[in-house]
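This report goes through selected strands, helices and residues of the structure shown below. Please keep the sequence and the coordinates at hand while reading.

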Amino acid sequence: MEGLYREYLLDHYHNPQNVGKIENAEIKKHDLNVSCGDEVEMFVKLDDDKKHIKEIKFIGHGCVICMASTSILTDELKGKSLKEVKEMNTDTILEMIKLKLTPTRIKCAMLSLVTIKKGILDYELKNSEG
Amino acid sequence: MISKYADKNTLIFSITGMSNVTGFIPDLRKIIDELRSINKDMIIVVDATQLIAHRKIDVKEMDADFVAFSAHKLYGPTGVGVLYGKKSMLEKMEPFSYGGGMINKVELYDSNWAELPDKFEAGTIDTPGIVASAEAIKYVDEKFEFTVKYEDMLKEYALKKLREIKELKVIGHNEGANFGPVISFIVDGVHPHDLAAICNEKKVCIRAGHHCCQPLMGKLCVVATSRMSIGMYNTRNDIDNLTDAINHAIKVIR
């Protein structure tokens with residue numbers, strides 16, 4: 001746990017990237033961590049091919065780990081394919097934020113990715129139903 | 001006041017002996033009297049898990065039908081606890097778990113139960129856990145009066161120190177009410193989980209979260225709180241370290 005609150009995380013916490021809503025976002029999903037009250041709503045606008053992320057934004061509130069990892073993740077996801085996002089997991093996030101976390105705090109770090117993945121599933125389900 | 005929560009049709013009334021969030025200690029004697037006057041047959045259950053290490057309990061004087069507590073809140077092992085029940089209640093009850101030791105006589109198509117408390121202690125009991133719990137209870141009991149006074153002195157010191165931090169708000173602990181040595185608080189602009197993590201880095205262990213009390217969190221309009229718990233082994237120095245860690249967290253995060 002040494003040095004959990006490093007400068008670059010606090011920078012993202014105080015000045016989060018990609019904050020806001022996207023009108024007409026194809027993917028829009030809200031989720032929360034009941035155990036600590038962290039809450040995010042993710043908005044994704046897709047490319048014309050409907051397979052890649054063109055623009056991504058979020059609104060939410062929570063602890064440093066949750067908010068900073070959401071900020072970092074949204075930066076990373078621009079241009080990524082939905083398939084790539086679905087393949088991301090805990091290791092991807094921990095590598096991204098360069099931290100080792102205890103199980104409780106992993107939930108904080110994972111909230112935004114988990115939410116986007118749920119949003120992608122909703123989107124795909126809706127589209128497969130035609 | 002208690003008539004808001006119970007009427008003559010209430011079968012079971014369950015209440016905590018001390019809030020694990022705020023430390024509030026309800027006047028059980030008065031509440032149980034009121035409940036009995038509403039419906040004398042109501043079954044009254046007291047969760048004394050939080051209370052047991054901080055206030056002396058006399059189950060007969062309290063007059064609850066059941067009183068339960070866990071050993072680990074008394075410096076005992078985890079996974080073991082005590083359930084007291086009035087004999088008249090326990091005699092009426094059927095066993096909820098079957099296994100070795102809880103039967104008296106077995107025939108092919110009939111059986112009857114062993115005497116109390118055996119009929120509720122089916123299977124292999126957790127002997128080391130039970131023996132260790134009994135030792136823990138004896139240990140706490142030996143210096144109980146001193147411990148209560150000492151913890152209350154530390155609690156007053158902690159409240160004074162915490163209230164000096166202008167970003168911090170103590171939950172409960174209002175003048176004149178009875179509170180045990182558990183203090184929940186929120187720090188403006190610092191999430192409880194971040195606060196706990198920074199305290200941890202400073203070697204101070206506090207709890208953060210909803211404390212398994214989500215409806216209370218809703219009522220308090222907070223998502224989570226940080227909580228300090230004072231035990232017999234704590235010192236004023238521990239409290240100074242906590243307030244130093246909180247001030248450090250405020251400096252780092254805000």
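Predicted model: local features only at pLDDT ≥ 70, side-chain atom pairs only at ≥ 80, totals over all residues.

## Strand β1 of chain B

Phe13(B) and Ile15(B) share one face and are buried.

Strand β2 (residues 43–47) of chain B is a parallel partner of β1(B), with five bridges between the two. Within β2(B), Asp47(B) is the residue that stands opposite Thr16(B).

## Chain B as a whole

Chain B contains eight helices and ten strands. Its C-alpha atoms fill a box of roughly 75 × 45 × 35 Å along the principal axes. Of the 254 residues in chain B, 45% are buried. Among contacts in chain B with a separation of 6 or more, 59% are between residues 24 or more positions apart.

The accessible surface of chain B is about 14400 Å², and carbon and sulfur atoms contribute 55% of that area. The chain carries 32 positive and 34 negative side chains. The centres of these two sets lie 6 Å apart.

Is His211(B) buried or exposed? His211(B) has a relative accessibility of 1% and therefore counts as buried, the cut-off being under 20%. This residue is located in the loop between β9 (207–209) and α7 (214–220) of chain B. Neighbours within four places in sequence aside, the residues in contact with His211(B) are Asn20(B), Val21(B), Ser184(B), Met217(B), Thr225(B) and Arg227(B).

Ile137(B) belongs to helix α4 (residues 127–142) of chain B. Because its relative accessibility is 33%, Ile137(B) counts as partly exposed. With neighbours within four places in sequence left aside, Ile137(B) is in contact with Phe69(B) and Leu74(B). Trp113(B) is 24 residues from Ile137(B) along the chain, and the C-alpha atoms of the two are separated by 30 Å.

## Helix α1 of chain A

In helix α1 (residues 7–14) of chain A, the buried residues are Leu9(A), Leu10(A), His12(A) and Tyr13(A). They lie on the same side of α1(A) because they cover an arc of only 160° around the axis.

What do the buried residues of α1(A) pack against? Their partners in chain A are α2 (64–77) and α4 (90–97). Chain B also takes part, through α8 (236–253).

β2(A) runs antiparallel to strand β1 (residues 27–33) of chain A, and seven bridges join them. Asn33(A) has Asp38(A) in β2(A) as its bridge partner. The hairpin of β1(A) and β2(A) has four residues between the strands, and Gly37(A) in this hairpin takes a positive phi near 85°.

β2(A) is also joined by eight bridges to strand β3 (residues 53–61) of chain A, again in the antiparallel sense. Here Glu41(A) stands opposite Ile59(A) of β3(A). These two strands form a hairpin with six residues between them. Lys50(A), in the turn, has a positive phi of about 60°.

Notes:
Residues numbered from 1 in each chain as written. Chains lettered and ligands numbered in written order. Heavy atoms only, no water. Buried < 20%, exposed > 50% of the residue type's maximum accessible area, 1.4 Å probe, protein only. Contact = heavy atoms within 4.5 Å. Areas by Shrake-Rupley, 256 points an atom, 1.4 Å probe, with all protein chains shown as cover. Lys, Arg positive; Asp, Glu negative; His and termini not counted. Charge placed at Lys NZ, Arg CZ, Asp CG, Glu CD. Arc of directions from axis to C-beta. Pairing = 2+ DSSP bridges.
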